[in-house]
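I opened a new page today to record what I looked up in this structure.

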Amino acid sequence: VALLGPSGSGKSTLLSLFGGVLRPSAGKVLVGGTDISRIKEAELGRLRSGTVASLLQGAARNLLPYATPEENVVFARKALSAAARRRLPAPEALLDALGMGDLIGRPLAGMSGGEKQRVAFAAAVSSGAGLLLADEPTSQLSHDDRDAMVELIHVVNREFGTTVVLVT
């Protein structure tokens, strides 16, 4: 699902409601049948760690700049239980499955903006969440990098069954 609209129209606010970052003043926000507008903070934390993943606008906001891509994936999974982490593909396998095998072990400092955005995407989906909220995932990317990001979105939807809601 893509939310399209001009700046200031509420697209990012809607993503924040879906992720439980903001609480609605009225109505309900249902994610997987759960009214996340009414659950306790601890349950909301569990939801954010394994059910809902977020990709914030700008790769730098999503990554540990001193870490490698696989270290970023490992860090993104820290909130998951050990059992949940064991069910997921190894970080290197995930990066490889997403077409980023050539980035494994490289420092982020030497990567292009598009490569960093792809690593941020991998970290976001690394928990196996069923819902990915992506805020402007293709902004400030070259045409080739934009096309690669769009393909990654299709891959996680098609191959992993992840529902993607993106703002653009």
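These are my entries on the model, which is a predicted one.

**Entry on the sheet.** I began with the strands and found an open sheet of 4 strands in the order β1-β6-β5-β4, with parallel pairing. I noted β1 (2-3) and β4 (52-55) as the edge strands, each of which pairs on one side only. I then followed the pairing of β5 (residues 131-135) with β6 (residues 163-167), where 5 bridges join the two parallel strands. Within this pair I saw that Leu-133 stands opposite Val-165, and that Ala-134 has Leu-166 as its bridge partner. Turning to β1, I found that it pairs with β6 in the parallel sense over 2 bridges, with Leu-3 partnered by Val-167. I also checked how enclosed β6 is: 4 of its 5 residues are buried, so this strand is largely enclosed by the rest of the structure.

**Entry on the cores.** Next I asked which residues have the most contacts inside the largest nonpolar core. This core has 29 residues, and the ones I listed are Leu-55, Leu-98, Met-100, Val-119, Phe-121 and Leu-132. I wrote down that β4, α5 (91-97), α6 (113-125), β5, α7 (143-160) and β6 each supply at least two of its residues, while the largest share, 6 residues, comes from α6. Apart from this core I found another, of 14 residues, among them Ile-36, Leu-47, Leu-131 and Leu-133. I looked up Phe-121 in particular and saw that, leaving aside residues up to four places away in sequence, it touches Leu-55, Leu-132, Met-149, Leu-152, Ile-153 and Val-156. As a reminder to myself, nonpolar side chains in soluble globular proteins tend to be buried together.

**Entry on α7.** I compared the length of α7 with expectation: at 1.5 Å a residue its 18 residues should span 26 Å, and its end C-alpha atoms are 25 Å apart, which agrees. I then noted that Met-149, Leu-152, Ile-153, Val-155 and Val-156 are buried in this helix. Because these residues cover an arc of only 160° around the axis, they lie on the same side of α7. What covers them includes α6 and β6, whereas His-143, Asp-144, Arg-158 and Glu-159, on the other side of α7, are exposed. After α7 comes Gly-161, and I recorded its phi as positive, near 75°. Finally, I put the pieces together and noted that β5, α7 and β6 make a right-handed β-α-β unit.

Notes:
Residues are numbered from 1 along each chain as its sequence is written. This is a predicted model: local features need pLDDT of at least 70, side-chain atom pairs count only at pLDDT 80 or more; totals for chains, interfaces and linings use all residues. Side-chain values use heavy atoms; hydrogens and water are left out. Two strands pair if DSSP finds at least two bridges between them. A nonpolar core is a set of buried Ala, Val, Leu, Ile, Met, Phe, Trp, Tyr and Cys residues joined through side-chain atoms within 4.5 Å. Buried means under 20% relative accessible area, exposed over 50%, partly exposed in between (1.4 Å probe, protein chains only). Contact means heavy atoms within 4.5 Å. The expected span of a helix is 1.5 Å times one less than its number of residues. The arc is that of the directions from the helix axis to the C-beta atoms. A crossover is right-handed if, with the strands pointing away from the viewer, the path from the first strand over the helix to the second runs clockwise.
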